[in-house]
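I opened my notebook today to look up a few things in this structure. Here are my entries, in the order I made them.

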Amino acid sequence: MGTYATLSRASLLASSMSLLVLGMSVAPATGAATTGITTPYFSSANSPLVTASPGYQLETFESGALTLPAVTLTTLHGSSVDLHSSVDGDDGVLDGDGFNGKSLTVFTQANTTGATFSFNNIMLGTYPKSAGVAVTVDIANPLIFTVFDSSNNVSGTITVPNSNTLDPSNDDFLFWASDPAGISAISVSSNNAAIHLHLDHLQFDTINTISIPEPGTLAGATIAGGVVCIGRRRRRV
Ligand SMILES: [Ca+2]
Ligand SMILES: [Ca+2]
Ligand SMILES: [Ca+2]
């Protein structure tokens, strides 16, 4: 397990079953978010965010609810917090499933589903500079991650064309975004989902962006079942 990257100028396509390593570097585009996927994701130890940062906050849903005060959840068809589909480590042991932990169930109706987490910059004093959310269970073709900037414009997207995370935890992954200009919201959605979507480990940091590994450290790296995609998208104006 480690940090790996595929750099691409276009919107990024990723499959948790894939193994992608490219050494191409893309210069940062002003005002755009960097987005990526980290998998596998067994605990916050796998997070690319700076988890030791004073500005880092993590929602594990283990209390049975979304408790982060500066985060507002909106969904397309409703949600609940339920046992059994948690990020692996939340039940206290890395054992291949999160059966005794909890996650956010995002309801799917008529094959559509969606959850948006909005960040309150007044409460936080600023918008997060990095944010992420873990996908633990879904079947969606496609599954889309969308990032919004401080003006609520789309600043980044990832489209996973065929997302299937039915394995208890080995296929869990983290969608993440990084933007020094601020992130006002992130969302996960699908217009062709077969089951309810399960999300966990909503997280953000108001201080740090996410460091992108140097391309020279990526080429030729060996990945054991892991893939991270990193990319940028120009802000829509
Ligand atoms: Ca959990
Ligand atoms: Ca476990
Ligand atoms: Ca899974």
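This is a predicted model: local features need pLDDT of at least 70, side-chain atom pairs count only at pLDDT 80 or more; totals for chains, interfaces and linings use all residues.

**Entry 1: cis prolines.** With that naming, I placed Pro 142 in the loop between β10 (139–140) and β11. I checked the peptide bond from Asn 141 to Pro 142 and found it cis, with omega near 5°. I then turned to Thr 39 and Pro 40, which are also joined by a cis peptide bond, with omega about 0°. Pro 40 sits in the loop between β3 (34–38) and β4 (56–59).

**Entry 2: positive phi.** I looked for residues other than glycine with a positive phi and noted Ala 110, at about 50°. I found Ala 110 in the loop between β7 and β8. Is Ala 110 buried or exposed? I counted 9 other C-beta atoms within 10 Å, so Ala 110 is exposed. Asn 152 went on my list too, with a positive phi near 65°. Its loop is the one between β11 and β12. Asn 152 has 10 other C-beta atoms within 10 Å; a residue with 12 or fewer is classed as exposed, so Asn 152 is exposed.

**Entry 3: the nonpolar core.** I looked up the largest nonpolar core, and it has 42 residues. Among those with the most contacts inside this core are Val 133, Phe 175, Ile 186 and Leu 199. Several strands each supply at least two residues of the core, including β7 (102–106), β9 (130–137), β14 (173–178) and β16 (197–205). Which strand gives the largest share of this core? That is β14, with five residues.

**Entry 4: strand β7.** I wanted to know why β7 is largely enclosed by the rest of the structure. Five of the five residues of β7 are buried, so that settles it for me. I then checked the strands that pair with β7. Strand β6 (residues 79–83) pairs with β7 in the antiparallel sense over five bridges, and Val 81 stands opposite Leu 104 in β7. β16 also pairs with β7 in the antiparallel sense, over three bridges. There I noted Leu 197 in β16 as the bridge partner of Val 106.

Key: Residues are numbered from 1 along each chain as its sequence is written. Chains are lettered from A and ligands numbered from 1 in the order in which they are written. A nonpolar core is a set of buried Ala, Val, Leu, Ile, Met, Phe, Trp, Tyr and Cys residues joined through C-beta atoms within 7 Å. A residue is buried if 20 or more other C-beta atoms lie within 10 Å of its own, exposed if 12 or fewer, and partly exposed in between; C-beta atoms are placed from the backbone. Helices (H or I, at least four residues) and strands (E, at least two) are DSSP runs, numbered from the N terminus. Two strands pair if DSSP finds at least two bridges between them.
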